[in-house]
Amino acid sequence: MEISGKVAIVTGAGAGIGAALARRLVADGARVVVADIAGEAAAQVAASIGDGAIAAAGDAADAAAIHSLIVRAEAEFGPVDLYFANAGIGGGAGLNSTDEQWAAAFEVNVMAHVRAARLLMPGWLRRGSGYFVSTASAAGLLTQLGSAPYSVSKHAAVGFAEWLSVTYGDKGIRVSCVCPMGVDTQLLHGGLVPAEDAAEAELAIKAVTTAGEVLTPDQVAEVIVAGLAAEHFLILPHPEVLKMYRHKGSDYDRWLGGMRRFQSALGG
């Protein structure tokens, strides 16, 4: 995958991984729509990048907003080559999570991806090319202590990316799924679980920060771009996640026991 000359949309790009990714893509010669529900944040990121980036406000889970992003990208730069479904949210804690918290997690972490793919795929199939990049999480391959909605919705995001790759991979459509562990973003430092669920929020943060190195968004963006160049399906900013995933698959019961011990050691 050659980045230079491509047109990309990055959701959740007002901060964190999305902002770092937008900067890196433009530095590599792409033209990028910096999209975020926080329009002012998106505008600030686009302004800091300069030429090659424009800002757009909108809810990444809303089909009409996604359509507007695509229309804006086409009008400003041309047909969309890459779509980074990067926007994500945390959720509730455990079984006390409300239906509204579950619904919100699935809307942003899963259905945003489904709706974007639904809108993009007809044009991509006509052109015979397109690249869909899902930002999931290591939680989607393993689990997330302290947050059921986050863990389950990220599993679903990985599953949808797998389905896209299997269904359209022989038709010129490429798919990657990004699954990092700890990244130094607002989500890690207070967005995984609401503050009122203090014990679970602390458990969720400790589970991530003690499992491996906490990377910067720029480090993650670097790994993503390298993964796109190699057209890898799984892009793992923390390589140790692959070892953990293999352990899980080789002996599920042993892995579950290990996770319970890890949770207990963290005070959960």
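**Exercise 1.** Identify the ring over which the charged end of Lys 248 sits, and then describe the surroundings of that ring.

*Solution.* The charged end of Lys 248 lies over the ring of Trp 255, at 4.8 Å from the ring centre, where a charge sits over a ring if NZ of Lys or CZ of Arg is within 6 Å of the ring centre and within 35 degrees of the ring normal. The model is a predicted one, in which local features need pLDDT of at least 70 and side-chain atom pairs count only at pLDDT 80 or more, whereas totals for chains, interfaces and linings use all residues. Residues are numbered from 1 along each chain as its sequence is written, and side-chain values use heavy atoms, with hydrogens and water left out.

Next, Trp 255 also forms an aromatic pair with Tyr 252, which is edge-to-face with 6.1 Å centre to centre and 80° between the planes; rings of Phe, Tyr and Trp (its six-membered ring) pair if their centres lie within 6.5 Å, and planes under 30 degrees apart count as stacked, over 60 as edge-to-face and the rest as tilted. Tyr 252 and Trp 255 are separated by about one helical turn because they are three residues apart in helix H10 (residues 252-265), helices (H or I, at least four residues) and strands (E, at least two) being DSSP runs numbered from the N terminus. Finally, Trp 255 counts as buried at 13% relative accessibility, whereas Tyr 252 is partly exposed at 47%; buried means under 20% relative accessible area, exposed over 50% and partly exposed in between (1.4 Å probe, protein chains only).

**Exercise 2.** Classify the aromatic pair formed by Trp 102 and Phe 106.

*Solution.* A search of the whole structure finds five aromatic pairs. The pair of Trp 102 and Phe 106 is stacked, with 6.5 Å centre to centre and 25° between the planes. Both residues belong to helix H4 (residues 99-127), where they are four residues apart, about one turn of the helix. Trp 102 is partly exposed at 25% relative accessibility, and Phe 106 is partly exposed at 26%.

**Exercise 3.** Determine how H4 and helix H5 (residues 148-168) pack against each other.

*Solution.* The axes of H4 and H5 are 8 Å apart and the packing angle is about 15°, where axes are lines fitted to C-alpha atoms, for helices over the stretch in contact, and angles run from 0 to 180 degrees between N-to-C directions. H4 and H5 are therefore roughly parallel to each other, since angles under 35 degrees count as roughly parallel, over 145 as roughly antiparallel, 65 to 115 as roughly perpendicular and the rest as oblique. The contact (heavy atoms within 4.5 Å) includes Trp 102 and Phe 106 of H4, and Phe 160 and Tyr 168 are among the residues of H5 that take part. Phe 160 and Tyr 168 also form one aromatic cluster with Trp 163.

**Exercise 4.** Which angle do the axes of helix H1 (residues 16-27) and helix H8 (residues 217-230) make?

*Solution.* The two axes come within 8 Å and cross at roughly 55°, which makes H1 oblique to H8. Among the residues in contact are Ile 17 and Leu 21 of H1, together with Val 220 and Ile 224 of H8.

**Exercise 5.** Locate Glu 231 and characterise its phi angle.

*Solution.* Glu 231 lies in the loop between H8 and strand S7 (234-235). Its phi is near 55°, a positive value in a residue other than glycine, and Glu 231 counts as partly exposed at 39% relative accessibility.
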